[in-house]
Amino acid sequence: MGWAIAVHGGAGVDPSLPMERQQEAKDLLLHCLNLGVSALKASVPAIDVVELLVRELETNPVFNSGRGSALSTKGTVEMEASIMDGFRNKCGAVSGLSTVKNPISLARLVMEKSPHVYLAFNGAEEFAREQGVEIVDTNYFITAENKERLEQAKSANSIQFDYRLPESENAVGKPNENGLLPTIKIHANGIVAADKVLQNGLLSEKESCIENGEKMPCRKGMLAEFQMNGVPISIYEPETVGCVVVDSEGHCASATSTGGLINKMSGRIGDSPIIGAGTYANGVCAVSATGEGEAIIRATVARDVAALMEYKGLSLQESVDFVINKRLEDGKGGLIAVSSNGEVAAGFNTLGMFRACATEEGYFEVGIWQ
(Lines give C-alpha, C1' and ligand atoms only; values in the text may rest on other atoms or scores of the structure.)
Protein backbone atom coordinates (compact mmCIF):
# COMPACT_ATOMS: atom_id res chain seq x y z
CA MET A 1 0.00 0.00 0.00
CA GLY A 2 1.17 3.52 -0.78
CA TRP A 3 -0.10 6.88 -1.94
CA ALA A 4 -1.11 7.61 -5.53
CA ILE A 5 -2.39 10.70 -7.29
CA ALA A 6 -3.80 11.69 -10.67
CA VAL A 7 -5.00 15.02 -12.04
CA HIS A 8 -6.72 15.85 -15.33
CA GLY A 9 -7.57 18.92 -17.39
CA GLY A 10 -10.27 17.41 -19.58
CA ALA A 11 -10.73 14.91 -22.40
CA GLY A 12 -11.18 15.94 -26.02
CA VAL A 13 -8.11 17.75 -27.29
CA ASP A 14 -7.69 19.32 -30.72
CA PRO A 15 -4.74 17.51 -32.38
CA SER A 16 -3.77 20.79 -34.04
CA LEU A 17 -3.48 22.56 -30.66
CA PRO A 18 -0.31 24.69 -30.89
CA MET A 19 2.72 23.20 -29.20
CA GLU A 20 3.06 26.18 -26.89
CA ARG A 21 -0.48 25.63 -25.61
CA GLN A 22 0.21 21.93 -25.13
CA GLN A 23 3.31 22.78 -23.13
CA GLU A 24 1.43 25.37 -21.07
CA ALA A 25 -1.12 22.73 -20.12
CA LYS A 26 1.53 20.14 -19.28
CA ASP A 27 3.46 22.65 -17.19
CA LEU A 28 0.37 23.41 -15.11
CA LEU A 29 -0.40 19.70 -14.65
CA LEU A 30 3.21 19.06 -13.60
CA HIS A 31 3.04 21.95 -11.13
CA CYS A 32 -0.14 20.51 -9.61
CA LEU A 33 1.26 17.00 -9.52
CA ASN A 34 4.39 18.15 -7.68
CA LEU A 35 2.23 20.13 -5.26
CA GLY A 36 0.15 17.04 -4.57
CA VAL A 37 3.13 14.72 -4.18
CA SER A 38 4.71 17.10 -1.67
CA ALA A 39 1.48 17.22 0.31
CA LEU A 40 1.17 13.43 0.34
CA LYS A 41 4.77 13.02 1.46
CA ALA A 42 3.90 15.37 4.32
CA SER A 43 0.97 13.07 5.29
CA VAL A 44 -1.75 15.52 4.24
CA PRO A 45 -5.08 13.61 4.04
CA ALA A 46 -6.43 12.70 0.60
CA ILE A 47 -9.52 14.91 0.91
CA ASP A 48 -7.35 17.98 1.57
CA VAL A 49 -5.05 17.18 -1.34
CA VAL A 50 -7.82 16.90 -3.93
CA GLU A 51 -9.32 20.21 -2.82
CA LEU A 52 -5.90 21.89 -2.86
CA LEU A 53 -5.11 20.78 -6.41
CA VAL A 54 -8.50 21.55 -7.91
CA ARG A 55 -8.36 25.03 -6.33
CA GLU A 56 -5.03 25.50 -8.07
CA LEU A 57 -6.56 24.50 -11.41
CA GLU A 58 -9.62 26.70 -10.88
CA THR A 59 -7.41 29.74 -10.27
CA ASN A 60 -5.53 29.31 -13.56
CA PRO A 61 -7.41 30.01 -16.84
CA VAL A 62 -5.59 27.29 -18.82
CA PHE A 63 -8.44 24.81 -18.33
CA ASN A 64 -12.21 25.13 -18.24
CA SER A 65 -12.98 25.64 -14.55
CA GLY A 66 -13.11 28.64 -12.26
CA ARG A 67 -11.32 31.48 -14.02
CA GLY A 68 -11.57 30.81 -17.77
CA SER A 69 -14.84 28.86 -17.54
CA ALA A 70 -16.83 28.26 -20.71
CA LEU A 71 -19.66 30.71 -21.30
CA SER A 72 -23.35 29.89 -21.52
CA THR A 73 -25.54 31.11 -24.36
CA LYS A 74 -26.15 34.26 -22.28
CA GLY A 75 -22.42 34.96 -22.09
CA THR A 76 -22.31 34.16 -18.37
CA VAL A 77 -20.52 31.52 -16.31
CA GLU A 78 -22.44 28.79 -14.48
CA MET A 79 -19.77 26.80 -12.69
CA GLU A 80 -20.20 23.48 -10.92
CA ALA A 81 -18.10 21.16 -8.78
CA SER A 82 -18.24 18.16 -6.47
CA ILE A 83 -16.02 16.44 -3.94
CA MET A 84 -16.21 13.07 -2.18
CA ASP A 85 -14.39 11.63 0.81
CA GLY A 86 -14.36 7.86 0.33
CA PHE A 87 -13.11 7.16 3.84
CA ARG A 88 -16.09 8.89 5.50
CA ASN A 89 -18.56 8.28 2.65
CA LYS A 90 -19.38 12.01 2.56
CA CYS A 91 -19.81 14.26 -0.45
CA GLY A 92 -20.82 17.76 -1.50
CA ALA A 93 -21.73 19.40 -4.79
CA VAL A 94 -22.63 22.81 -6.23
CA SER A 95 -23.98 24.15 -9.54
CA GLY A 96 -24.88 27.45 -11.16
CA LEU A 97 -22.15 29.51 -9.50
CA SER A 98 -21.25 32.88 -11.00
CA THR A 99 -19.29 34.71 -8.27
CA VAL A 100 -17.55 32.05 -6.13
CA LYS A 101 -13.82 32.10 -6.88
CA ASN A 102 -13.26 28.44 -6.01
CA PRO A 103 -16.35 26.25 -6.53
CA ILE A 104 -14.59 23.14 -5.23
CA SER A 105 -14.14 24.71 -1.79
CA LEU A 106 -17.83 25.60 -1.65
CA ALA A 107 -18.64 21.97 -2.51
CA ARG A 108 -16.41 20.94 0.41
CA LEU A 109 -18.34 23.31 2.69
CA VAL A 110 -21.65 21.80 1.54
CA MET A 111 -20.23 18.45 2.59
CA GLU A 112 -18.85 19.66 5.93
CA LYS A 113 -21.14 22.50 7.02
CA SER A 114 -24.62 21.71 5.67
CA PRO A 115 -27.11 18.86 6.12
CA HIS A 116 -27.30 18.51 2.33
CA VAL A 117 -25.28 17.02 -0.50
CA TYR A 118 -26.07 19.43 -3.34
CA LEU A 119 -26.82 23.17 -3.54
CA ALA A 120 -27.40 25.08 -6.78
CA PHE A 121 -27.77 28.58 -8.25
CA ASN A 122 -29.16 31.23 -5.84
CA GLY A 123 -29.18 28.85 -2.89
CA ALA A 124 -25.54 27.94 -3.45
CA GLU A 125 -24.54 31.60 -3.82
CA GLU A 126 -26.37 32.49 -0.59
CA PHE A 127 -24.64 29.63 1.23
CA ALA A 128 -21.28 30.85 -0.08
CA ARG A 129 -21.85 34.29 1.43
CA GLU A 130 -23.00 32.77 4.73
CA GLN A 131 -19.80 30.72 4.87
CA GLY A 132 -17.57 33.69 4.01
CA VAL A 133 -15.91 32.16 0.94
CA GLU A 134 -14.09 34.47 -1.47
CA ILE A 135 -16.47 36.20 -3.86
CA VAL A 136 -15.32 37.98 -7.03
CA ASP A 137 -16.94 39.98 -9.81
CA THR A 138 -18.30 37.85 -12.65
CA ASN A 139 -15.84 39.49 -15.08
CA TYR A 140 -13.01 37.71 -13.22
CA PHE A 141 -14.03 34.42 -14.82
CA ILE A 142 -14.50 35.66 -18.41
CA THR A 143 -11.54 35.58 -20.79
CA ALA A 144 -11.26 37.08 -24.26
CA GLU A 145 -10.56 33.62 -25.68
CA ASN A 146 -13.77 32.17 -24.27
CA LYS A 147 -15.82 35.10 -25.56
CA GLU A 148 -14.44 34.31 -29.02
CA ARG A 149 -15.22 30.61 -28.61
CA LEU A 150 -18.78 31.44 -27.66
CA GLU A 151 -19.25 33.51 -30.81
CA GLN A 152 -17.85 30.67 -32.91
CA ALA A 153 -20.20 28.18 -31.25
CA LYS A 154 -23.18 30.49 -31.78
CA SER A 155 -22.26 30.89 -35.45
CA ALA A 156 -22.17 27.11 -35.74
CA ASN A 157 -25.43 26.75 -33.76
CA SER A 158 -23.47 23.91 -32.26
CA ILE A 159 -25.15 23.24 -28.94
CA GLN A 160 -28.64 21.96 -29.61
CA PHE A 161 -31.10 19.87 -27.59
CA ASP A 162 -28.90 16.77 -27.52
CA TYR A 163 -25.69 18.81 -27.74
CA ARG A 164 -24.81 17.42 -31.16
CA LEU A 165 -25.33 18.66 -34.69
CA PRO A 166 -28.13 16.70 -36.43
CA GLU A 167 -26.90 13.47 -37.94
CA SER A 168 -27.27 12.85 -41.66
CA GLU A 169 -25.89 10.43 -44.23
CA ASN A 170 -22.92 12.77 -44.53
CA ALA A 171 -22.40 13.18 -40.78
CA VAL A 172 -18.91 13.31 -39.33
CA GLY A 173 -17.22 9.93 -39.34
CA LYS A 174 -19.49 8.27 -41.92
CA PRO A 175 -17.86 7.42 -45.29
CA ASN A 176 -19.44 9.05 -48.35
CA GLU A 177 -20.05 7.33 -51.68
CA ASN A 178 -16.35 7.62 -52.56
CA GLY A 179 -15.30 5.88 -49.36
CA LEU A 180 -14.00 9.14 -47.90
CA LEU A 181 -14.77 10.34 -44.42
CA PRO A 182 -16.38 13.80 -44.40
CA THR A 183 -15.75 16.40 -41.73
CA ILE A 184 -16.93 19.69 -40.30
CA LYS A 185 -14.52 22.59 -40.49
CA ILE A 186 -14.58 25.99 -38.79
CA HIS A 187 -13.53 29.06 -40.77
CA ALA A 188 -13.74 32.76 -40.09
CA ASN A 189 -16.78 33.06 -42.36
CA GLY A 190 -18.81 30.19 -40.93
CA ILE A 191 -19.29 26.45 -40.76
CA VAL A 192 -20.73 23.96 -43.25
CA ALA A 193 -21.28 20.26 -42.64
CA ALA A 194 -19.77 17.33 -44.53
CA ASP A 195 -17.06 18.03 -47.09
CA LYS A 196 -18.37 21.46 -48.13
CA VAL A 197 -16.24 24.24 -46.67
CA LEU A 198 -17.48 27.81 -46.90
CA GLN A 199 -14.70 30.22 -47.85
CA ASN A 200 -15.46 33.80 -48.83
CA GLY A 201 -19.02 32.86 -49.68
CA LEU A 202 -18.02 30.04 -52.06
CA LEU A 203 -18.34 26.30 -51.53
CA SER A 204 -15.27 24.20 -52.18
CA GLU A 205 -14.83 20.43 -52.01
CA LYS A 206 -12.46 19.58 -49.18
CA GLU A 207 -12.00 16.83 -46.66
CA SER A 208 -9.88 16.86 -43.55
CA CYS A 209 -8.79 13.86 -41.49
CA ILE A 210 -6.35 13.29 -38.69
CA GLU A 211 -3.35 10.96 -39.00
CA ASN A 212 -0.51 10.95 -36.46
CA GLY A 213 -1.80 14.26 -35.16
CA GLU A 214 -1.68 15.94 -38.58
CA LYS A 215 -4.59 17.12 -40.76
CA MET A 216 -4.57 15.78 -44.32
CA PRO A 217 -6.93 14.64 -47.11
CA CYS A 218 -9.08 11.70 -46.04
CA ARG A 219 -8.62 8.11 -47.13
CA LYS A 220 -10.93 5.27 -46.25
CA GLY A 221 -10.40 4.13 -42.68
CA MET A 222 -8.80 7.34 -41.47
CA LEU A 223 -10.16 9.26 -38.48
CA ALA A 224 -12.27 12.26 -39.42
CA GLU A 225 -11.83 15.53 -37.61
CA PHE A 226 -14.57 15.03 -35.05
CA GLN A 227 -16.73 16.88 -32.57
CA MET A 228 -17.15 16.97 -28.81
CA ASN A 229 -20.54 17.97 -27.44
CA GLY A 230 -21.58 19.24 -30.85
CA VAL A 231 -18.61 21.59 -31.12
CA PRO A 232 -15.93 21.01 -33.79
CA ILE A 233 -12.82 19.87 -31.97
CA SER A 234 -11.00 23.01 -33.13
CA ILE A 235 -13.17 25.19 -30.87
CA TYR A 236 -14.15 22.63 -28.23
CA GLU A 237 -12.89 23.38 -24.75
CA PRO A 238 -12.21 20.38 -22.48
CA GLU A 239 -14.97 20.53 -19.93
CA THR A 240 -13.47 19.58 -16.64
CA VAL A 241 -10.58 19.49 -14.21
CA GLY A 242 -10.31 16.81 -11.58
CA CYS A 243 -8.09 15.09 -9.07
CA VAL A 244 -8.11 11.68 -7.38
CA VAL A 245 -5.90 10.70 -4.46
CA VAL A 246 -5.24 7.80 -2.15
CA ASP A 247 -3.07 8.72 0.81
CA SER A 248 -0.65 6.56 2.76
CA GLU A 249 -3.50 5.46 5.05
CA GLY A 250 -5.37 4.00 2.08
CA HIS A 251 -8.07 6.69 2.19
CA CYS A 252 -9.46 7.71 -1.22
CA ALA A 253 -10.91 11.07 -2.32
CA SER A 254 -12.05 12.68 -5.56
CA ALA A 255 -12.81 16.23 -6.70
CA THR A 256 -14.10 17.58 -10.02
CA SER A 257 -14.81 21.12 -11.23
CA THR A 258 -15.98 22.64 -14.52
CA GLY A 259 -17.34 25.65 -16.37
CA GLY A 260 -19.50 23.32 -18.46
CA LEU A 261 -20.32 23.55 -22.15
CA ILE A 262 -19.73 26.44 -24.48
CA ASN A 263 -23.06 27.98 -25.54
CA LYS A 264 -24.99 25.74 -23.13
CA MET A 265 -28.58 26.52 -22.19
CA SER A 266 -28.84 28.48 -18.96
CA GLY A 267 -29.53 26.01 -16.15
CA ARG A 268 -27.88 23.03 -17.83
CA ILE A 269 -26.10 20.76 -15.34
CA GLY A 270 -23.47 18.30 -16.49
CA ASP A 271 -21.79 15.28 -14.94
CA SER A 272 -19.14 17.05 -12.87
CA PRO A 273 -21.33 17.78 -9.82
CA ILE A 274 -23.21 14.48 -10.05
CA ILE A 275 -21.94 11.98 -7.49
CA GLY A 276 -21.55 8.62 -9.23
CA ALA A 277 -21.25 10.17 -12.70
CA GLY A 278 -18.44 12.72 -12.73
CA THR A 279 -17.13 12.11 -9.20
CA TYR A 280 -17.03 9.14 -6.86
CA ALA A 281 -14.92 7.75 -4.03
CA ASN A 282 -15.33 4.95 -1.51
CA GLY A 283 -13.12 2.55 0.40
CA VAL A 284 -11.96 0.87 -2.80
CA CYS A 285 -11.15 3.66 -5.25
CA ALA A 286 -11.65 7.27 -6.33
CA VAL A 287 -12.71 8.40 -9.82
CA SER A 288 -13.03 11.73 -11.68
CA ALA A 289 -14.56 11.77 -15.17
CA THR A 290 -14.48 14.25 -18.04
CA GLY A 291 -16.08 14.55 -21.48
CA GLU A 292 -19.61 14.59 -22.85
CA GLY A 293 -21.58 15.08 -19.66
CA GLU A 294 -24.92 13.71 -20.77
CA ALA A 295 -23.32 10.41 -21.82
CA ILE A 296 -21.30 10.21 -18.59
CA ILE A 297 -24.46 10.73 -16.52
CA ARG A 298 -26.35 8.04 -18.43
CA ALA A 299 -23.49 5.59 -17.92
CA THR A 300 -22.89 6.44 -14.22
CA VAL A 301 -19.23 6.28 -15.18
CA ALA A 302 -17.51 6.99 -11.87
CA ARG A 303 -19.65 4.67 -9.76
CA ASP A 304 -19.41 1.87 -12.32
CA VAL A 305 -15.63 1.74 -11.98
CA ALA A 306 -16.01 1.20 -8.24
CA ALA A 307 -18.83 -1.33 -8.69
CA LEU A 308 -16.78 -3.45 -11.08
CA MET A 309 -13.98 -3.60 -8.52
CA GLU A 310 -16.33 -4.30 -5.60
CA TYR A 311 -18.71 -6.81 -7.16
CA LYS A 312 -16.78 -8.34 -10.06
CA GLY A 313 -13.31 -8.33 -8.55
CA LEU A 314 -11.75 -6.54 -11.54
CA SER A 315 -8.53 -4.61 -11.14
CA LEU A 316 -8.52 -0.81 -11.29
CA GLN A 317 -7.26 -0.67 -14.90
CA GLU A 318 -9.60 -3.45 -16.01
CA SER A 319 -12.53 -1.56 -14.52
CA VAL A 320 -11.49 1.71 -16.18
CA ASP A 321 -11.08 0.01 -19.55
CA PHE A 322 -14.46 -1.72 -19.32
CA VAL A 323 -16.29 1.51 -18.47
CA ILE A 324 -14.59 3.50 -21.25
CA ASN A 325 -15.06 0.80 -23.91
CA LYS A 326 -18.42 -0.69 -22.93
CA ARG A 327 -20.36 1.79 -20.79
CA LEU A 328 -19.42 4.99 -22.62
CA GLU A 329 -20.33 3.70 -26.08
CA ASP A 330 -22.67 6.60 -26.90
CA GLY A 331 -20.28 9.40 -25.94
CA LYS A 332 -16.74 10.65 -25.77
CA GLY A 333 -14.83 11.07 -22.56
CA GLY A 334 -12.23 9.85 -20.16
CA LEU A 335 -11.43 9.37 -16.48
CA ILE A 336 -8.68 9.10 -13.92
CA ALA A 337 -8.77 6.74 -10.95
CA VAL A 338 -6.76 5.51 -7.97
CA SER A 339 -7.28 2.42 -5.81
CA SER A 340 -6.90 2.05 -2.07
CA ASN A 341 -3.91 -0.19 -2.82
CA GLY A 342 -1.94 2.69 -4.31
CA GLU A 343 -2.62 2.00 -7.99
CA VAL A 344 -3.36 4.68 -10.58
CA ALA A 345 -5.16 4.37 -13.92
CA ALA A 346 -6.48 6.53 -16.75
CA GLY A 347 -8.60 5.83 -19.81
CA PHE A 348 -10.26 7.79 -22.60
CA ASN A 349 -11.87 7.26 -26.02
CA THR A 350 -10.96 10.69 -27.40
CA LEU A 351 -7.78 11.65 -29.25
CA GLY A 352 -6.34 13.02 -26.04
CA MET A 353 -6.85 13.82 -22.37
CA PHE A 354 -4.77 16.26 -20.34
CA ARG A 355 -3.48 14.21 -17.40
CA ALA A 356 -0.70 13.68 -14.88
CA CYS A 357 -0.18 10.73 -12.53
CA ALA A 358 2.29 9.58 -9.87
CA THR A 359 2.57 6.80 -7.28
CA GLU A 360 4.73 6.20 -4.22
CA GLU A 361 6.16 3.19 -6.08
CA GLY A 362 7.79 5.51 -8.62
CA TYR A 363 5.34 5.67 -11.54
CA PHE A 364 5.22 9.15 -13.09
CA GLU A 365 3.45 10.47 -16.19
CA VAL A 366 2.45 13.81 -17.67
CA GLY A 367 0.69 13.40 -21.01
CA ILE A 368 -2.00 14.40 -23.49
CA TRP A 369 -2.22 11.82 -26.27
CA GLN A 370 -2.74 8.04 -26.33
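Helix H2 (residues 46-59) lies across strand S1 (4-11), S2, S14 and S15, and runs at about 155° to S14; helix H3 (residues 103-113) packs on the sheet as well, touching S2, strand S3 (90-97), S4 and S15, with its direction at about 135° to that of S3. Contact means heavy atoms within 4.5 Å, axes are lines fitted to C-alpha atoms, for helices over the stretch in contact, and angles run from 0 to 180 degrees between N-to-C directions. Helices (H or I, at least four residues) and strands (E, at least two) are DSSP runs, numbered from the N terminus.

| Helix | Residues | Angle and reference strand |
|---|---|---|
| H2 | 46-59 | about 155° to S14 |
| H3 | 103-113 | about 135° to S3 |

This is a predicted model, in which local features need pLDDT of at least 70 and side-chain atom pairs count only at pLDDT 80 or more, while totals for chains, interfaces and linings use all residues. Residues are numbered from 1 along each chain as its sequence is written, and side-chain values use heavy atoms, with hydrogens and water left out.

The open sheet has 8 strands in the order S4-S3-S2-S15-S14-S1-S20-S21, with mixed pairing, where two strands pair if DSSP finds at least two bridges between them. Its edge strands, S4 (118-120) and S21 (364-369), each pair on one side only.

Thr-240, which UniProt lists for "active site" in an unreviewed entry, is found in strand S14 (residues 240-246).

Note on methods. UniProt positions are given in the numbering used here, feature names are shortened, and annotations may be inferred rather than shown by experiment.
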